[in-house]
Amino acid sequence: MASPELDFINQMLRDISANSKNASTPTVEQQRSQMSDTMLELAKDASTEDIQCQPVDIEGVPARWFEASGTADDGVVLYFHGGGYVLGSLKTHAELMGRCSRACGVKVLGVDYRLAPENIFPAAVEDGVKSYRWLLDQDIDPQRIMLAGDSAGGGLVMATILSLRDQGLPLPVGATLFSPWVDLTMSGASMESRRAFDPIVTPEGLHAMATLYRGDVEASQPLISPLFADLSKLPPLLIQVGDYEVLLSDSQQLAAKAKAAGVAVTYQEWEKAFHVFHAVPALPESADALQSMGDFYRQLVGSS
C-alpha cells in the first residue's frame, strides 16, 4: 500500500503541473533552473551532516565523490544523474547520491557528463565509459564497482555497460537502475496507459529531449535506446520503477529482455510511485528502495 507521504507528494506534483500548463514553453536553461529548484526543495530537510563531498577531474569530465561516514574504501558506486540527457547535474542529485553512499556503505562517484543540446550523442556515453575506465586506472577492482543511475542516467548506465562489453573491458559487478529511460522511441504501452497518472513526465516532453539528444541518429540505435540492444553477457541488474510512470514499460520490457538473454534481474515496482521517487528523502518508499539497493550491492560483492 502506498504511504500517505507518497499520496501527498503525488498531489503536490500534480498541482505544480496543472499550474504550469498555460505557461509558455520554457527554454532549456529555464528547465534546468526549474529542475534544480525542485530537487533542492524536495531535499531541503534531509540530513546530510555525515556526507563528505570532494570534487575530482576525470580527464576533463567534472565529477564528485560522495562519502557517507563509515564507508569502506574498497568499493565504488559510479552514478549517472537523470534529466533526459538535457537537464540535471551533480548539484541536483547530490542528496540522492549521498544517500546511495550511506545505503551501499561505499563511496559514490557522481559524473557531470556532457549534456545536450550542447553535446549530442555519443558524448554522454563517451563520458560514461571514460569515468569507468578512470576507476579501473585507480586500481579499483571492477568486481567491487556498481553502476547506478536514474531516468536518462539509467539509460546511460546500460549504454555504458554495453560499450564496455563490446570493447572487451572487465565489467562492473552489477548495476542499479532507478526508473530508467531505455526506449527513446517511446514505443511502450505505458506512454498512454499511465499518461493520466504520471504527475511529472509526459510523452511530449520525452520526445523533445530525445530529439535534442540523438541529433540525426535513429532513436532505436542500441546505445541510444538500450532496450533494442543485445543484452547478453551483462552483469546482474536491479531495476526499480513506480507504477504511475509513463516510463513503466521501459523497466518492464528491459527486465523481460534481459532475463531472456540470461541476465540475472531483480525487478521491483512500487504502487502509485512517480518517476524517480527515490529523490524524495521523506518518502518511506524511497528509503525502502535505497535499502534494497544497498542489499543488492552487498550481495553482489559478497558473492564475487
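Begin by selecting Pro 117, which lies in the loop between strand 4 (106–111) and helix 4. The model on display is a predicted one. The peptide bond that joins Ala 116 to Pro 117 is cis, with omega of about 0 degrees. Stay in this loop between strand 4 and helix 4 and select Pro 122, which is also placed there. A cis peptide bond joins Phe 121 and Pro 122, here with omega of about 10 degrees.

**Helix 4 and helix 5**

Next, select helix 4 (residues 123–137) together with helix 5 (residues 152–166); their axes come within 9 Å and cross at roughly 65 degrees. Helix 4 is therefore roughly perpendicular to helix 5. The crossing in which helix 4 passes helix 5 is right-handed.

Which residues of the two helices meet? From helix 4, display Ala 124, Val 125, Gly 128, Val 129 and Tyr 132; from helix 5, display Leu 156, Ala 159, Thr 160, Ser 163 and Leu 164. Sorted by class, this contact contains 7 nonpolar residues, 3 polar residues and no charged ones.

Now centre the view on Thr 160, found in helix 5. Is Thr 160 buried or exposed? Its relative accessibility is 0%, so Thr 160 counts as buried. Apart from neighbours within four places in sequence, Thr 160 is in contact with Phe 80, Val 125, Gly 128, Val 129 and Leu 147.

**Helix 8**

Move on to helix 8 (residues 248–260), which has 13 residues. From its first C-alpha to its last, helix 8 reaches 19 Å, close to the 18 Å expected at 1.5 Å a residue. Select its buried residues: Leu 248, Ser 249, Asp 250, Ser 251, Leu 254, Ala 255 and Ala 258. What do the buried residues of helix 8 pack against? Their partners are helix 5, strand 6 (174–178), helix 6 (190–193), strand 7 (237–242) and strand 8 (265–270). Just after helix 8, select Gly 262, which takes a positive phi of about 90 degrees.

**Two non-glycine residues with positive phi**

Select Ser 179 in the loop between strand 6 and helix 6. Although Ser 179 is not a glycine, it has a positive phi of about 45 degrees. Ser 179 is buried, and its relative accessible area is 0%.

Then go to Glu 59, in the loop between strand 1 (51–58) and strand 2 (61–68). Glu 59 is not a glycine either, yet has a positive phi of about 50 degrees. With a relative accessible area of 51%, Glu 59 is exposed.

**Helix 3 and helix 9**

For the last stop, select helix 3 (residues 94–104) and helix 9 (residues 284–303). How do their axes cross? The axes of helix 3 and helix 9 come within 8 Å and cross at roughly 50 degrees. Helix 3 is therefore oblique to helix 9, and the crossing of the two is right-handed.

Display the side chains at this contact. Helix 3 contributes Leu 96, Arg 99, Cys 100, Ala 103 and Cys 104, which meet Ser 286, Leu 290, Met 293, Gly 294, Tyr 297 and Arg 298 in helix 9. By class, the contact of helix 3 with helix 9 has 7 nonpolar, 2 polar and 2 charged residues.

Terms used. Residues are numbered from 1 along each chain as its sequence is written. This is a predicted model: local features need pLDDT of at least 70, side-chain atom pairs count only at pLDDT 80 or more; totals for chains, interfaces and linings use all residues. Side-chain values use heavy atoms; hydrogens and water are left out. Axes are lines fitted to C-alpha atoms, for helices over the stretch in contact, and angles run from 0 to 180 degrees between N-to-C directions. Helices (H or I, at least four residues) and strands (E, at least two) are DSSP runs, numbered from the N terminus. Angles under 35 degrees count as roughly parallel, over 145 as roughly antiparallel, 65 to 115 as roughly perpendicular and the rest as oblique. A crossing is left-handed if the near helix is turned anticlockwise from the far one by less than a right angle, and right-handed if clockwise. Contact means heavy atoms within 4.5 Å. Ala, Val, Leu, Ile, Met, Phe, Trp, Tyr, Cys and Pro count as nonpolar, Asp, Glu, Lys and Arg as charged, and the others, Gly among them, as polar. The expected span of a helix is 1.5 Å times one less than its number of residues. Buried means under 20% relative accessible area, exposed over 50%, partly exposed in between (1.4 Å probe, protein chains only).
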